[in-house]
Every structure is written in structure tokens, then in C-alpha cells.
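Hi everyone, thanks for coming along. Let me put the model up and walk you through the ligand site.

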Amino acid sequence: MALDPKSGDRERLQRPGLRVGAVVSRFHEDLTGAMLRSAEAELHLSGMEEDALHVVWAPGAFELPLIARRLARRKDIDAVMCFGLVLTGETTHDHWVSMGATQGIQLAMMETGKPILFGVLTCQTLDQAKARALPTSEGGTEDKGREVARAAVASLIALDECDHQPNTKPRMGF
Ligand SMILES: Nc1c(NC[C@H](O)[C@H](O)[C@H](O)CO)[nH]c(=O)[nH]c1=O
Ligand SMILES: CC(=O)[C@@H](O)COP(=O)(O)O
């Protein structure tokens, strides 16, 4: 299910000079790779130059946080997108992999102070995963890669506003 089904209809945000990292899980790499491609296309439309995307492949979703944190620590990277797919199996393994990825990514984001985006699908079937991972041109419905790229740009603009926007509200009282 999309976080915000209307986000795709909004005006595209611009942030020229974006420098972005991506960590992509090799598990189901046809789908994680599709999310990466869609995210990259979207970032170019938001102002990212050619060669400004640094991609690193991870063995599985469980390893995403460590690699994302290392990338986020680079001075020449503003935000890191994580892409993974955890499919429900016969045991609770998927739960623990998803939990490790989720908590680790959140922790890495708070530790580094940079947006680390959660493009990890947690699906019960491959059909659910295809619907979410693929762009409409490839038979998907949700294009999560694009959504993650948009969240990266929106987060950076929000952080810019925190740092630079003057407080224009007149001071009242003391
Ligand atoms: N079952 C899935 C995994 N499992 C592998 C782990 O992510 C990890 O690489 C391994 O446990 C070694 O530490 N990974 C996924 O990305 N998706 C799965 O469905
Ligand atoms: C489906 C998987 O790759 C993973 O979630 C583990 O499956 P299982 O629980 O059947 O070992």
C-alpha cells in the first residue's frame, strides 16, 4: 500500500545539485533494480546531474542499514535511498529481516542526520511485489522507486528550510 497515494500527482520538487547514494539488495534484484532505475530517472527530473548517483549493492535487506550509514557519512552525499524486497516465507525469517532493516535504517538516519529512505517492500506474494516495484510502463501500479526518490528530495528541501528559513513571525511578548 502506498504511503501517500496522491504523492505522484503533486508538482515535482526541484533541488539542483543533488548528490544521492543508493543501496540495493541483491535479493529479488530484478525488482529492487527496477525501483532503482525509476528512482534515478525521477532524481534527474528533480535536478540531479549525470554521475551524481552512487550505487552500492547489498547481499540482502538485512545489510542495507550498515551500508547506507557508511554511504551517508560521505561528505559528498546528501541522502541515501535503500531498496529491498522481503517476501513472506514458511517461517518468521522475513519478519526478522524486515525488522532489522527497518530499525537499522531509522537508526542510521538519526545517527547521520541525513535522509535515509526506506524503499524496502515487505510483501506476501511476488505479484504484490511486482505491483509495487514496477513503474506503470512495466505493468506495475505503485512505482515505489519514484516515490522514494520524491521523498528524498522532499526531505532535503525540508531540512534546508529548517536550516535557512528565517523565522518571519513577529515576536510577541517577551
Ligand atoms: N529472505 C530475504 C532476505 N534474507 C537475507 C538477509 O537479508 C541477509 O542477507 C542474510 O540473513 C545474511 O545476513 N533478504 C532479503 O532482502 N529478502 C528476503 O526475502
Ligand atoms: C522467502 C524468503 O526468502 C525468506 O523470507 C525466508 O523464507 P523461509 O521462512 O521459508 O525460510
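Let's begin with the polar contacts, meaning pairs of N or O atoms within 3.5 Å; within protein, one must be able to donate a hydrogen and the other to accept it, and residues adjacent in sequence count only if both atoms are side-chain atoms. A polar backbone atom of Phe 62 sits 3.1 Å from an oxygen atom of ligand 1. For Leu 87, again through a polar backbone atom, the distance to a ligand 1 oxygen is 3.2 Å. Ser 25 uses a polar side-chain atom, 3.3 Å from an oxygen atom of ligand 1. On its own, ligand 1 has 440 Å² of accessible area, and the protein covers 75% of that (Shrake-Rupley method, 1.4 Å probe; for residues, only the protein chains shown count as cover).

A word on the ground rules: this is a predicted model, with pLDDT of at least 70 needed for local features and 80 or more for side-chain atom pairs, while totals for chains, interfaces and linings use all residues. Residues are numbered from 1 along each chain as its sequence is written, chains are lettered from A and ligands numbered from 1 in the order in which they are written, and side-chain values use heavy atoms, leaving out hydrogens and water.

So who else is around ligand 1? With a heavy atom within 4 Å as the cut-off, the residues around it include Gly 60, Ala 61, Glu 63, Leu 85, Val 86, His 93 and Val 97.

Let me pick out two of these. Leu 85 lies in strand S3, residues 79-87, and Val 86 is in strand S3 too; strands here are DSSP runs of E, at least two residues, and helices are runs of H or I, at least four, numbered from the N terminus. Is Leu 85 buried or exposed? Leu 85 counts as buried because its relative accessibility is 3%, and Val 86 is buried as well, at 8%. The classes are buried under 20%, exposed over 50% and partly exposed in between, with a 1.4 Å probe and protein chains only.

Leaving aside neighbours within four places in sequence, Leu 85 is in contact (heavy atoms within 4.5 Å) with residues including Phe 27, Leu 31 and Cys 123.

His 93 is in helix H3, residues 93-112, and it is exposed, with a relative accessible area of 55%.
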